[in-house]
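Please look through the sequence and the structure below before reading on.

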Amino acid sequence: MKILVTGGAGFIGSNFIKYLIRNNPDYKIINLDKLTYAGNLENLKDLNDNKNYKFIQGDIGDEKLINKIVKEVNVIINFAAETHVDRSIANPKAFIETSVLGTYTLLKSALDNNIDKYIQISTDEVYGSTDSETFSEYSPFLPNSPYSASKASADLMCRAFHSTYGLNTIVMHSCNVYGPNQYPEKLIPLVITNLIEGKKVPVYGKGHQIREWIYVEDFASAIELTLKEGMGGEVYNIGSAQRLQNIEVVKTILSHMGKGEEEIEYVKDREGHDFRYAVNSSKIRSELGWKHTKQFQSGIKDTIDWYINNKEWWSKLKSGEYMEYYKKQYLQRK
Ligand code: NAD
Ligand code: TYD
């Protein structure tokens, strides 16, 4: 198996590459990543001497570079995207460039080079928000943020390349993912690192919004299984059925870290904030035999421990560009 992983220096991509190599040391992996603010080669430093792993810095929208690399592989797994909803509200253009045009460039190259399998890593957010239902693979796409709209566009292009040209595309829609190496702008690492730094934790609105949470290694196991056994043209939802209000997530972290509710700061809500995501993941469970193994209480403890033990990794990130962004967000929401 020769795999091009794109966006592999980010949170999920880097965890996936390490997981895949651990289980399949003979697989050859090329990791192409633009190294935006979210890409971090430190996530992969353990692989520097691995002869089956190669890193290339580049953009998935760079047609010439992509065509050159795709000739060397038989599978593509696309993680590359701009991923933070709040940033997509402030500046949607980069989201469209990477997810829409970048994904098209990958698909076209996959087709021209007879790639065996193309896996698109996507999100449950494309289905929009639901007060009481769960999203199945047949739920309509009703995205509400520029982020989820850009992901939905890319997913539909994967569908079109399968229907029109017969390319073996697979789209995976995961619920919210958490674990080590997540950039500290997202809820869970933001709360943990703010508490370590002695800062308050910002909760949007009243914190009653609901998200479904899966540990990153459980998502990696679903991708590995899909890589080996998933069928071209299929769509798989990935979920854990562990659905929590944001305020419950925050209070769980506070309690694990021995802190009180006075650390919470309720701030202005996100514009167009999706109220609830909930995924029906029975298809991948019944058809491919996948199951998740980590419960939220245990996964959150491991994640907190990781951030406590890896302050050097994240404290560097919480300065410079990030600090500028964070201050702006904070002032707007106060
Ligand atoms: P992340 O922001 O941590 O990483 C994204 C990576 O993509 C970074 O390394 C970045 O440098 C790279 N990248 C961005 N634009 C690029 C481009 N034009 N060319 C090449 N590389 C580029 O994100 P993540 O949380 O690891 O998410 C990975 C994928 O999983 C995304 O497609 C996201 O939509 C999807 N997803 C994430 C979650 C979640 O909860 N984090 C849930 C479901 C799906
Ligand atoms: P986030 O981690 O940005 O993921 P997503 O928006 O893709 O689900 O946010 C998770 C939830 O937490 C979402 O409902 C917004 C909320 N949130 C806060 O309340 N405070 C914060 O500082 C952040 C970043 C998010």
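## The surroundings of ligand 1

Around ligand 1 there are 29 residues, and the closest of them are Ile-12, Asp-33, Thr-83, Tyr-147 and Lys-151, where a residue is near a molecule if one of its heavy atoms lies within 4 Å of it. This is a predicted model, in which local features need pLDDT of at least 70 and side-chain atom pairs count only at pLDDT 80 or more, while totals for chains, interfaces and linings use all residues. Residues are numbered from 1 along each chain as its sequence is written, chains are lettered from A and ligands numbered from 1 in the order in which they are written, and side-chain values use heavy atoms, with hydrogens and water left out.

Which elements each supply at least two residues of the shell around ligand 1? They are helix 1 (11-23), strand 5, helix 5 (146-165) and strand 7, and strand 5 gives the largest share, 3 residues. Helices (H or I, at least four residues) and strands (E, at least two) are DSSP runs, numbered from the N terminus. By residue type, the shell around ligand 1 divides into 13 nonpolar, 12 polar and 4 charged residues, where Ala, Val, Leu, Ile, Met, Phe, Trp, Tyr, Cys and Pro count as nonpolar, Asp, Glu, Lys and Arg as charged, and the others, Gly among them, as polar.

## The surroundings of ligand 2

Ligand 2 has 16 residues around it, of which Glu-125, Pro-202, Arg-211, Arg-270 and His-273 come nearest. An N or O atom in the side chain of Glu-125 is 2.6 Å from an oxygen atom of ligand 2, a polar side-chain atom of Asn-176 lies 2.9 Å from an oxygen atom of the ligand, and an N or O atom in the side chain of Arg-211 is 2.8 Å from an oxygen atom of ligand 2. The protein covers 96% of the 510 Å² of accessible area that ligand 2 has on its own.

Helix 6 and strand 8 (201-204) each supply at least two residues of the shell around ligand 2, and strand 8 gives the most, with 3 residues. This shell is made up of 7 nonpolar, 4 polar and 5 charged residues.

## Two domains

The protein is divided into domain 1 (2-177 + 215-238) and domain 2 (181-211 + 242-273 + 295-333), with bounds that come from an automatic or database domain assignment. The centres of the two domains, taken over C-alpha atoms, are separated by 25 Å, and the contact between them (heavy atoms within 4.5 Å) takes 19 residues from domain 1 and 22 residues from domain 2. Why does ligand 2 lie between domain 1 and domain 2? Both domains give residues to the shell around ligand 2, so the ligand lies between them.

## Two asparagines with positive phi

Asn-114 is in the loop between helix 4 (93-112) and strand 5 (117-123), and its phi is near 50°, a positive value in a residue other than glycine. Asn-114 counts as exposed because its relative accessibility is 67%, given that buried means under 20% relative accessible area, exposed over 50%, and partly exposed in between (1.4 Å probe, protein chains only).

Asn-181 is in the loop between strand 7 (176-178) and helix 6 (187-196), and although Asn-181 is not a glycine, its phi is positive, about 70°. With a relative accessible area of 7%, Asn-181 is buried.

## Helix 8 and its cover

In helix 8 (residues 246-256), the residues Asn-246, Ile-247, Val-249, Val-250, Thr-252, Ile-253 and Leu-254 are buried. What covers these buried residues includes helix 6, strand 8, strand 9 (210-215), strand 11 (243-245), strand 12 (264-267) and helix 10 (296-309). Helix 8 is followed by Gly-258, whose phi is positive, near 65°.

Terms used. Polar contact = N/O pair within 3.5 Å; in protein donor to acceptor, adjacent residues only side chain to side chain. Areas by Shrake-Rupley, 256 points an atom, 1.4 Å probe, with all protein chains shown as cover.
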